[in-house]
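Subject: Structure handed over, with notes

Hello,

Please find the structure below. My notes on the fold follow it.

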Amino acid sequence: MNDDSRELHKEGQEKEGEHVGGKGSEINNKPTGENSEINTASCELSQESNILQHPSTPPPTYSGAINVDGNKEKPLCNSSEEERKIPPKETEMLFKRLEHQDKCQTNWSPKDFLQLGRPVKQTNEISEKDLAYAFLQRLMMLDYRARYIPVKQKSLDVSNSQAVQISKSEDTDDDDLDALYSTNTESDQSQENHVHPMDVQMAVFHCSDSFLKQKMITKLSQCQYALPLLVPDLVTTNIECPLWTFREITKTWKTSTTKDNSTTVTMKSMPVYKAETPMVSFFRLGSMSLSKSQLMNALINERHNTFFHRNCPGSTKSRHLMDGVAEIAWYCPAGKPNDFFFDCIAFCNLHGDSLAIVKQREILTEMSSVIVVLVPTLEKSHESSAVISMLYKSSKPLIILSADNECSAVEIKPQKYKLGLKERSQSDVSEELKKIIRSILCGPHTSFQLETMAKVSGVRVDEDTEVCQNGKSAAMELTKLIESMDVSEIKDKFLPCQGQLWHKWCKINKELHHLKGHIEKEKGQKIHQLMELRQKQCDVSNSELMRLFTESLEGLPPNDREYFLKWTQILIDPLSTDDLSSILQSYDETWSEVLVLKKKHEKSAQLNEKQAELEHLSKKLQS
């Protein structure tokens with residue numbers, strides 16, 4: 001941003017401030033995010049970040065803080081915060097560049113995305129207006145490179161364009177040296193940065209309806225990326241938890257326990273919204289040269305950028321939609337000796353400066369099992385000292401990473417640690433962090449469950465809409481009939497057409513195409529048997545479960561019906577998958593025992609017994 005445009009921008013913000021008052025500063029959209037932490041010009045950037053806030057308005061204060069000990073005082077949001085505000089100009093310009101300014105009002109649905117349109121080139125020639133669609137298209141194909149889409153650069157004269165600009169200094173040696181040491185290079189400052197990849201992701205998220213959001217987040221999870229947990233609304237001051245988007249995600253992990261010199265591996269598989277896991281939250285207080293997101297990636301997966309950070313391809317200095325967003329990712333152990341941690345752990349990353357993002361910081365402080373704070377200095381005079389003091393006095397385990405300290409990990413008092421970052425490699429810091437987190441989580445600790453976010457004061461959950469609740473109520477009425485029954489019993493009682501009748505029909509239909517002997521006579525018999533079976537299927541098809549299902553489909557409005565079908569899937573799936581991990585565990589153990597018995601080359605009664613048990617488990621898996 002050059003000086004002229006900066007002055008124009010300030011004037012525009014001052015004019016807006018006359019109409020909006022103090023409301024515009026309550027959502028933090030500062031350009032100094034994860035990417036601006038590393039620059040040597042961070043002081044300048046932190047000063048320029050005030051451009052996005054109204055200069056005449058003091059920083060917002062939030063009443064009703066959540067106590068770090070877990071005691072709720074007043075709600076974080078009051079009725080006045082429901083008032084709408086004008087989004088910052090940078091956000092408006094971003095949506096205009098992506099040509100998404102209209103979709104924020106209409107919302108993009110899966111139907112819109114699946115409509116046939118002009119093809120998006122799978123090359124480096126993708127323009128900004130196609131960026132959002134190309135990202136979503138590649139994500140739906142489970143292309144983990146969907147975030148890293150090269151954008152076609154705007155150039156007036158491509159043939160004369162240069163990769164590196166040439167200084168227009170005189171030919172004398174003195175002038176050359178002056179140009180070398182000069183900080184005011186003659187670069188084209190008016191050239192616009194390309195759109196930040198995470199701005200593209202969040203723009204698509206904000207412009208999508210609940211079903212496309214759910215599909216998008218499910219695909220991000222399958223690509224092993226972090227998912228938005230707390231999202232500031234672009235138009236109001238509300239903090240939203242998109243709980244609905246997590247409903248289709250299932251996590252599987254293995255834990256190993258050693259007893260009497262033998263290691264037992266246990267597999268667990270469950271919907272992520274039901275999983276009770278410890279949560280480790282990372283905050284940044286002030287400007288830092290170390291990338292918090294990159295450090296977190298080293299704790300989860302060193303070979304994959306789970307959290308997008310400033311050193312990822314396509315990252316830019318300007319970022320408008322990520323500050324204030326809290327992302328979550330899960331570490332799922334494989335039950336192997338080289339696992340970083342021995343159980344599933346949730347890692348939460350609050351983007352931006354947590355000194356300014358008070359609401360989200362307080363919410364995550366209450367929900368976390370361990371808190372990791374990155375600070376530029378541990379001096380009492382620093383602006384972060386009040387927050388550090390509050391966290392230090394709380395009962396939550398705390399790890400402080402200080403940028404101006406060279407010390408190794410020190411336990412100041414029980415569950416309160418200090419670790420220096422100065423002149424230390426990231427691998428050393430991450431290894432020490434792993435040891436500290438492991439030691440804390442080996443003892444008593446609190447657990448985090450996604451569904452509890454609906455009970456947190458100050459957080460609006462996306463499932464609280466009327467249409468979603470209507471669909472959920474109808475689906476719950478349906479699942480009450482079958483929730484206490486075994487899966488095989490459900491099929492026999494309520495879905496008999498899928499049981500033995502269907503099995504017999506398929507068998508006879510197969511025999512119909514492999515006739516032997518008197519072909520015409522046998523063909524007539526088979527067709528008669530198929531008609532009898534079909535009549536039996538029709539007689540038993542109108543069970544109570546099917547009657548309720550069809551009545552809900554006919555009686556609900558179209559929007560409620562969509563939620564009803566999705567909720568039915570969400571609620572029925574766990575009935576068949578809750579015992580899946582234990583069945584798979586038993587199957588693996590029995591199969592291993594069968595292999596050991598077969599190596600003895602003898603047919604014993606024990607081998608027959610294990611084979612029968614294996615067949616029984618196989619039938620359970622098929623049901």
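Two strands pair if DSSP finds at least two bridges between them. Helices (H or I, at least four residues) and strands (E, at least two) are DSSP runs, numbered from the N terminus.

This is a predicted model, in which local features need pLDDT of at least 70, side-chain atom pairs count only at pLDDT 80 or more, and totals for chains, interfaces and linings use all residues. Residues are numbered from 1 along each chain as its sequence is written, and side-chain values use heavy atoms, leaving out hydrogens and water.

The protein chain contains 21 helices and twelve strands. Of its 623 residues, 45% are buried (under 20% relative accessible area, 1.4 Å probe, protein chains only).

Ten strands form an open sheet with mixed pairing, in the order β10-β11-β9-β8-β5-β7-β6-β1-β2-β12. β10 (410–413) and β12 (459–461) are at the edges with a single partner strand each, so one side of each has no neighbour in the sheet.

Within the sheet, β6 (residues 326–331) and β7 (residues 345–350) run antiparallel and are joined by six bridges. Trp-330 stands opposite Ala-346 in β7.

Which strands does helix α11 touch? Helix α11 (residues 358–367) packs on the sheet and touches β1, β2 (239–241), β5 (279–284), β6, β7, β8 (370–375) and β12; contact means heavy atoms within 4.5 Å. The direction of α11 makes about 150° with that of β5. Axes are lines fitted to C-alpha atoms, for helices over the stretch in contact, and angles run from 0 to 180 degrees between N-to-C directions. Helix α8 (residues 197–206) lies across β1 (227–232) and β6, at about 70° to β1.

Regards

Note on methods. Buried < 20%, exposed > 50% of the residue type's maximum accessible area, 1.4 Å probe, protein only.
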